[in-house]
Amino acid sequence: MVPTAETFDVVVIGGGPGGYATALYGAAAGLKIALIEKGKLGGTCLNLGCIPAKELLETASVFRAVAGAAEFGISTSAPTVDFGAVQARKQQVVEQLVGGLGTLLKRRKVTVYDGFGTLGPDHVVKVSGGASGDVELFGDAVVVATGSVPRTIPGFDVDGRLVVTSDELLSLQPLPATAAVIGGGAIGCEFASMMADLGTKVTVLEALPKILPGCDDDITKIVRRQFSKRDIDVRTGVAVTGHEPRKKKGTTVRFGEGETLDVDLVVVSVGRRPFTEGVLDAGTAVVIDERGFVEVDHLCRTPEPGVYAVGDVIATPALAHIGFIEGITVVKDILGESPVGVDYANVPWCIYCFPEVAFAGMSEQSATAAGIEVKVSAHRYMGNGRALIIGEPDGMVKIIARADAAGNAGQIIGVHMVGPWVTEQLGQGYLAVNWGATVDEVAQFIQPHPTLSELFGESVLALTGRSLHG
Ligand code: FAD
């Protein structure tokens, strides 16, 4: 039954990267699209995630550069931070991008509804509670892209004062003198790095044996060394159990085997959980699993025909660019273009702490654990001209190749990097891994000199058995 609702080719619920990518790409293919957003366009990424976090990390980087200017013969007084100005710049970048997204959606003729979307039977989505009023929409296809919210942990109620998540931290001014970051994943390490650079004494408390899961151990070692140089205390293998507010200021965090830590602020950074509250009415075949994720197949299709889900609300890597590619995949499926699914094992990961980390594919440890015989080469930034020029010689590029039948380095299955601007250098490593390229194929390509990317070329060349500078 098709109700008397406004009809679209695709109705998208949620205006974050997953949802807006579906809308923009679908509209570019000529589809008539409705996009429903209950908050701000751009979702977590633009408003409370990637963009504000990286903007603050850039502020930290500027602070470091000014503080270290004497090395280049530039005299300055010791830098200080105006947190009001810091927040104003961050917000200006966020608003420029959110505004630009609104303009782009309008230009592509995507109809944007301000309100809360709820999917019921027969592809009908009710919009309510926002500036667009109460309306019903029908979509030939419906895409659930409702994203995620920060996870919390028992014993640490978020009050915005003593205990915060990323949502609150990104707007905090000034930053505290001391902080405990609970969780040494990508976001936890980015926050630890940013706060330490801007003057906070940071302790990272991680329950697992290592920080930055998925990273090669050699890469993590370099991050830890750099963190330790900047007085960031990283404690691994310690679970937090609770905290006790102190009389005057701050709180005492309990962790490990009866240990305690007095800090002004606790930053809970233990991942995110899918957001599906109120999104589904009864009467659809969409399934939410026991962890709260919407269940989908390899093409993001739910069991309800014509209903898809993308982004953080499904159990795939919680990254903005994964939302983008899933949105593109869904549109291609709607158009009957038989897309291939995303290869989630080989997606690009970038972590913007100092030093930056970037990788795609297997680490040496995960390859070895999988029983793959590997050939590995690792090159340090210390020997790279550009790294010395910019004054950032601590870093490494590590290539993991599958050994071929003759025992030589064959297909590149992992590229792991740490050091200056590696988030901008991963591209060719990502391509090599996903193209299934061999060491011999990639080694013949030229790297411009002097660039940081020469390290990637050197590392691949070394795996052919003959290196240049390495
Ligand atoms: P979201 O961005 O969460 O968007 C979902 C949207 O749906 C929200 O706007 C929400 O208001 C809306 N919504 C929910 N329910 C409804 C409803 N019923 N009706 C209408 N609207 C609804 N990723 C990276 O790739 N790189 C990074 O550097 C990076 N840094 C990050 C840093 C931080 C601090 C955080 C928190 C995240 C970071 N991420 C990063 C992750 C990235 O932000 C998310 O993976 C991405 O935003 C997920 O996109 P999404 O569209 O699935 O969900």
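Me: Where does serine 338 lie?

Reply: This is a predicted model. In it, serine 338 belongs to the loop between helix 8 (320–334) and strand 18.

Me: Is serine 338 buried or exposed?

Reply: The cut-off for exposed is over 50% relative accessible area. Serine 338 has 65% relative accessibility and therefore counts as exposed.

Me: Where is aspartate 122 found, and what is its phi?

Reply: Aspartate 122 is in the loop between strand 4 (116–119) and strand 5 (124–128). Its phi is near 55°, a positive value in a residue other than glycine. At 38% relative accessibility, aspartate 122 counts as partly exposed.

Me: Which peptide bond ending at proline 174 is cis, and where is that proline placed?

Reply: Most peptide bonds are trans. The bond from glutamine 173 to proline 174 is cis, with omega near -5°. Proline 174 is placed in the loop between helix 5 (166–169) and strand 9 (178–182). The bond from histidine 449 to proline 450 is also cis, with omega near -5°, and proline 450 sits in the loop between helix 12 and helix 13.

Me: How should I read a hairpin, and which residue takes a positive phi in the hairpin of strand 12 and strand 13?

Reply: Begin with the pairing, then look at the connection. Strand 12 (residues 240–245) and strand 13 (residues 251–255) pair in the antiparallel sense over 5 bridges. The hairpin has 5 residues between the strands, and glycine 250 takes a positive phi near 80°.

Me: What is the order of the strands in the open sheet of 5 strands?

Reply: The order is 18-19-22-21-20, with antiparallel pairing. Strand 18 (349–351) and strand 20 (374–380) are at the edges; each has a single partner strand, so one side of each has no neighbour in the sheet. From one strand to the next, the twist averages 15°.

Me: Over how many bridges do strand 19 and strand 22 pair, and what packs on the sheet?

Reply: Strand 19 (residues 356–361) pairs with strand 22 (residues 409–419) over 6 bridges, in the antiparallel sense. Glutamate 356 stands opposite glycine 419 in strand 22. Helix 7 (residues 217–229) packs on the sheet and touches strand 19, strand 20, strand 21 (396–403) and strand 22. The direction of helix 7 makes about 10° with that of strand 22.

Me: Is methionine 417 buried or exposed?

Reply: In a regular strand the side chains alternate between the two faces of the sheet. Methionine 417 is in strand 22 and is buried, with a relative accessible area of 0%. Leaving aside neighbours within four places in sequence, its contacts include Ile219, Glu356, Val397, Leu426 and Phe456. The C-alpha atoms of methionine 417 and leucine 455 are separated by 9.7 Å, while the two residues are 38 residues apart along the chain.

Me: What does glycine 414 touch?

Reply: Glycine 414 is also in strand 22 and is buried, with a relative accessible area of 0%. Not counting residues up to four places away in sequence, glycine 414 touches residues including Ala360, Lys398, Ile400 and Val433. Glycine 414 and valine 433 are 19 residues apart in sequence and 6.2 Å apart in space, C-alpha to C-alpha.

Me: How many residues of helix 13 are buried, and what covers them?

Reply: An α-helix has 3.6 residues a turn, so residues three or four places apart point the same way. In helix 13 (residues 454–463), 8 of the 10 residues are buried, among them Leu455, Phe456, Val460 and Leu463. Their cover includes strand 20, strand 21, strand 22, helix 11 (426–435) and helix 12 (439–443). Just after helix 13, glycine 465 takes a positive phi of about 105°.

Me: How many helices and strands does the protein have?

Reply: The protein has 13 helices and 22 strands. Its radius of gyration is 24 Å, close to the 23 Å that the globule rule gives for 470 residues, so the protein is as compact as a globular protein of that length. Buried residues make up 51% of the 470 residues.

Note on methods:
Residues numbered from 1 in each chain as written. Predicted model: local features only at pLDDT ≥ 70, side-chain atom pairs only at ≥ 80, totals over all residues. Heavy atoms only, no water. Pairing = 2+ DSSP bridges. Helix = DSSP H or I, 4+ residues; strand = E, 2+ residues; numbered from the N terminus. Axes fitted to C-alpha atoms, helices over the stretch in contact; angles between N-to-C directions. Contact = heavy atoms within 4.5 Å. Rg over C-alpha atoms; globule rule 2.2 N^0.38 Å. Buried < 20%, exposed > 50% of the residue type's maximum accessible area, 1.4 Å probe, protein only.
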